[in-house]
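Me: I have a structure to read and I am new to this. Can we go through some of its features one by one?

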Amino acid sequence: MSKKFNITGLCIPERDYMADISGKLDTIICQYIQQGKYFTINRARQYGKTTVLYLLEQKLADSFLVIHLSFEASDELFVSFYTLAVGLVRKISRLLRQQKASQILLDDLNQPISEQFPLDDLSERITSMCMHSEKEIILMIDEVDKSSDNQVFLSFLGLLRAKYLAKMQKKDDTFQSVILAGVYDIKNLKLKLHPNEETKYNSPWNIAADFMVDLSLRQEEIRAMLCDYEKDHATGMDTAFISRLIYDYTGGYPYLVSKICQIADERLPAAGTFTDRSDVWTQEGIAAAEQLLRREPNPLFDDLVKKITDYPKLKQMLQDILFCGSSFPYEYENHLIQLGTTFGFLKDGNGSAVIANRIFETKLYDLFLSEMAVENALYQAGAVERSQYIVNGALQMKLVMQKFYEHFTEIYDTKDEAFVEAYGRKLFLLYLKPIINGSGNYYIEAQTRDQRRTDIIVDYRGVRHIIELKIWRGKEYHKRGEQQLLEYLDDYHTDVGYLLSFDFNQHKKTGIREILLDGKQIIEVIV
């Protein structure tokens, strides 16, 4: 059976094309497991946690006895302390039998559990098992946060904590290492509660080491997967370039990486737009795969919509970052920053909270803009006149800028400075979106997004257009903006750029002009 790009459930190296994360696994084993640490791998949904546990289990099997459990669909375990103790003993026994554990070990583990003191008996079973096992035992539990707001679960954590501390004092035998995996960090259980609930519990999991391994996929790890694919299909792709392109879109989010590759491999060749796989694994092909990914529903985007609906303050923060250029310090103790990071929407960008990847950013833009689009006059104007902006398959960006000036002046000329400063970028994107929809995409350059300046990169059928949006802050600032745009045009190897300035000076000169600077053409629109 030929390998595929897998986006559902567990990835298996013999069956699926996979990024090379062997370095991450070695780090986890060396710095955490061999050091006897207890820790939690908490990452956003579809971030490869289950696959990481599976691969760790395979690597550890020769040296350790690994008990790998999952709390998904295990609500019956947490009905009472007794059901927890009996249920865990049953699950552990089953796994030990599969690993050919000694009958003595199994018989001792399966002694009856006291209904009066079930957790104490469970503790004794763990001690006996760890004492008599020929190998050190590692406990892994996936989907651990499925029941993390249950008091029985908290007592189980307390049992593990007590045994860990006793082991440190050489008063007990217990697991060499415990790994708990889930979306939420169970050291901070209040995050798992419903948005409007008060904090109910303090987690006993304060013994856990901070897990500092970055599970996002690096460019070289993505490239290893593409090289494996290339061995089978010989497309002639530039694996270094394509892996960089995929990383730029996804920020290394494992699901998004695999999804783009799956679309490129399975969907685009069948769609007829590209003649064969060689045409697909190009900049144009990956851009087409990314657009298809964003347009279609998937569980990750469904979860994104649900989360920003459930947490309106987080939604407002994301809007402020995207449309207003607001900067929020990345302080993990801040509840909203913590939420955004837990869900995978935010990351630390040199001390500021930034959107985690370009796909999420564009998807959020699309979601927020769609809420305004139905009744927005600028959006309707762009949609109605779309056909005139595309000539022989090419986007006429200069005409887009000219028409935006006309429509904006007609519709919003009487609006005050505060309104335009807050909504100017949103209004331009609303006008642009229906024009490029379906054949192009856009993204905002994070390094230049602030309250005064934003660079928008429009990618239409492989041709990039650079537009700088800025608030007029005087001639000197304006000149610096022109110079910055020139540098940006050099970075993108293009000779034409666009400058959209919002000027609130009473004596402003609105209109359109063309400037030639250092061999580059700048088309400036002032409104």
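Reply: Start with helices. Helices (H or I, at least four residues) and strands (E, at least two) are DSSP runs, numbered from the N terminus. Here, Arg 358 lies in helix 15, residues 358-373. This is a predicted model: local features need pLDDT of at least 70, side-chain atom pairs count only at pLDDT 80 or more, and totals for chains, interfaces and linings use all residues. Residues are numbered from 1 along each chain as its sequence is written, and side-chain values use heavy atoms, with hydrogens and water left out.

Me: Does Arg 358 count as buried or exposed?

Reply: Buried means under 20% relative accessible area, exposed over 50%, partly exposed in between (1.4 Å probe, protein chains only). Arg 358 has 19% relative accessibility, so it counts as buried.

Me: Which residues is Arg 358 in contact with, leaving aside its neighbours within four places in sequence?

Reply: Contact means heavy atoms within 4.5 Å. Arg 358 then touches Asp 248, Tyr 249 and Tyr 443. Tyr 443 is 85 residues away in sequence, yet the C-alpha atoms are 6.9 Å apart.

Me: Where does Glu 290 lie?

Reply: In helix 11, residues 283-295. Glu 290 is buried because its relative accessibility is 1%. Beyond neighbours within four places in sequence, its contacts are Tyr 249, Ile 260, Ile 359 and Asn 441.

Me: How many disulfides are there?

Reply: A disulfide is a covalent bond between the sulfur atoms of two cysteines. The rule is a pair of cysteine sulfur atoms within 2.5 Å. The count is zero. For Cys 11, the nearest cysteine sulfur belongs to Cys 261, 11 Å away.
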